[in-house]
Amino acid sequence: MDRRSFMGVAGLYPVIVLLPGLCQAQGGQTPEGKEFVLAGEYGFEQQSIRNLQPGAIINARNAAFTVANSRNSDPSAMMGCDEGSLPVNRYPVVIRNCPGVRFIGGRFDGQVPLTSDWRDTYCNSAALLVRDGTTDATIEGVRARRCWDGIRFAEHADGFRLKGCWLSEIRDDAVENDYLLSGIIEDCLFDGCFSGISLDPASNERDGTGETVRIDGSLIRMHAFLSKGEITHQAPIKAVDQSPRLRITESVFALAAANMRGFRRLERTWRLTIESRDNVLLWLPDDPIPSALPLPPSGFRLLTGANAREYWNKAHRQWISAHQDVVRFSDEVL
């Protein structure tokens, strides 16, 4: 299912509709003020949150959700991800028409297949979907793993801020911003993703050249997955000529596969960057850097091989140590 098909069938999922003054928290209690609490194991039940009063807080620190995009555990050309009997929960949390909302916490555990081919596994999905008038949203302290897309900002979600989130083992985009919105991604750890931040619109009519995306103090490590018969990954930023301008500061991009795709996207990333300061580009393989790899602008330091891996491991440990408030999975070895 593509993202446009999803919009037409989202109403088929179980939802919780929240209206100002009528919001109900777990157990049927009405929360006071602007805070709404999600707590407990929601499993495969989608939570649709809409029409909160401006500036509301959604406290999901003690909430857990399951992300599943495939109806079978090993989709293939013979049996795609829409075939089978397994339950799916392609959009566990959807936030609509909640301007200025602050979503805090939440643990999203994915069951998205990690070893099947990308094109056979492409049943579109995101752990957290923000859309429809949810402008100036802050998404903070989310922990998600083994998802298709991690966090998606769709139409009319301008001015987003993603802060202190930890996403890992992401089969497609850690952050999808294909509506080319302005926003900030700061102090985040994307630890193993096929694509880091997508700024690639499904519609050629979209133009984000007047918008700006800022990436500040964030770590993005790519991870190679099977895609179109090859173990590889995309670029840290999937950019086109119509993508927003970029401000990249105090951030680390780590390239993991010597045969990575997306050289043209990487070239566009550097061309769209209007501010670059105190960044590091890591070439993690021992293989030499391909001569065709577009090198970054000034403001990036380049490290390769063992030095690059040592730098990443240290930065990774420091980020996790500094973010004890981000929820862990019980089986995580840190």
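Biologist: Which residues do ring pairs link into a cluster?

Modeller: Trp118, Tyr122, Trp148 and Phe194. A word on the source: this is a predicted model, where local features need pLDDT of at least 70, side-chain atom pairs count only at pLDDT 80 or more, and totals for chains, interfaces and linings use all residues. Residues are numbered from 1 along each chain as its sequence is written, and side-chain values use heavy atoms, with hydrogens and water left out.

Biologist: How many aromatic pairs does a search of the whole structure find?

Modeller: Ten aromatic pairs. Rings of Phe, Tyr and Trp (its six-membered ring) pair if their centres lie within 6.5 Å. Planes under 30 degrees apart count as stacked, over 60 as edge-to-face, and the rest as tilted.

Biologist: Why is the pair of Trp166 and Trp319 called edge-to-face?

Modeller: The ring centres of Trp166 and Trp319 are 6.1 Å apart and the planes stand at 70°, so the pair is edge-to-face.

Biologist: What makes Trp166 and Trp319 a tie between parts apart in sequence?

Modeller: Trp166 lies in strand E11 (residues 166-176) and Trp319 in helix H4 (residues 305-322), so the pair ties together parts that are 153 residues apart in sequence. Helices (H or I, at least four residues) and strands (E, at least two) are DSSP runs, numbered from the N terminus.

Biologist: Are Trp166 and Trp319 buried or exposed?

Modeller: Trp166 is buried, and Trp319 is buried too. Buried means under 20% relative accessible area, exposed means over 50%, and partly exposed lies in between (1.4 Å probe, protein chains only).

Biologist: What are the values for the aromatic pair of Trp270 and Phe300?

Modeller: Trp270 and Phe300 are 5.0 Å centre to centre, with 65° between the planes, and the pair is edge-to-face. Trp270 sits in helix H3 (residues 263-272) and Phe300 in strand E23 (residues 300-304), 30 residues apart.

Biologist: Why does Trp270 count as buried?

Modeller: Trp270 has 8% relative accessibility, so it counts as buried. Phe300 has a relative accessible area of 13%, so Phe300 is buried as well.

Biologist: Where does the charged end of Arg206 sit?

Modeller: Over the ring of Tyr179, 3.7 Å from its centre. A charge sits over a ring if NZ of Lys or CZ of Arg is within 6 Å of the ring centre and within 35 degrees of the ring normal. Arg145 lies over the face of Phe329, at 3.9 Å from the ring centre.

Biologist: What makes Asp82 and Arg90 a salt bridge?

Modeller: The rule asks for a side-chain nitrogen of Lys or Arg within 4 Å of a carboxyl oxygen of Asp or Glu. Asp82 and Arg90 meet at 2.7 Å, N to O. The whole structure holds 27 salt bridges.

Biologist: Why is Asp82 called partly exposed?

Modeller: Asp82 has 42% relative accessibility, so it counts as partly exposed. Arg90, at 2%, counts as buried.

Biologist: What is the N to O value for Asp241 and Arg268?

Modeller: Asp241 and Arg268 meet in a salt bridge at 3.7 Å. Asp241 lies in the loop between strand E18 (237-239) and strand E19 (245-249) and Arg268 in helix H3, so the pair ties together parts that are 27 residues apart in sequence. Asp241 is partly exposed at 42% relative accessibility. Arg268 is buried, with a relative accessible area of 15%.

Biologist: Which residues do salt bridges that share partners join into one network?

Modeller: Arg247, Glu250, Glu275, Arg277 and Asp278.

Biologist: How do you know that Cys81 and Cys123 form a disulfide?

Modeller: A disulfide is a pair of cysteine sulfur atoms within 2.5 Å. The sulfur atoms of Cys81 and Cys123 are 2.1 Å apart. The count by this rule is one disulfide. The link of Cys81 and Cys123 is right-handed, with 95° about the S-S bond.

Biologist: Are Cys81 and Cys123 buried or exposed?

Modeller: Cys81 and Cys123 are buried.
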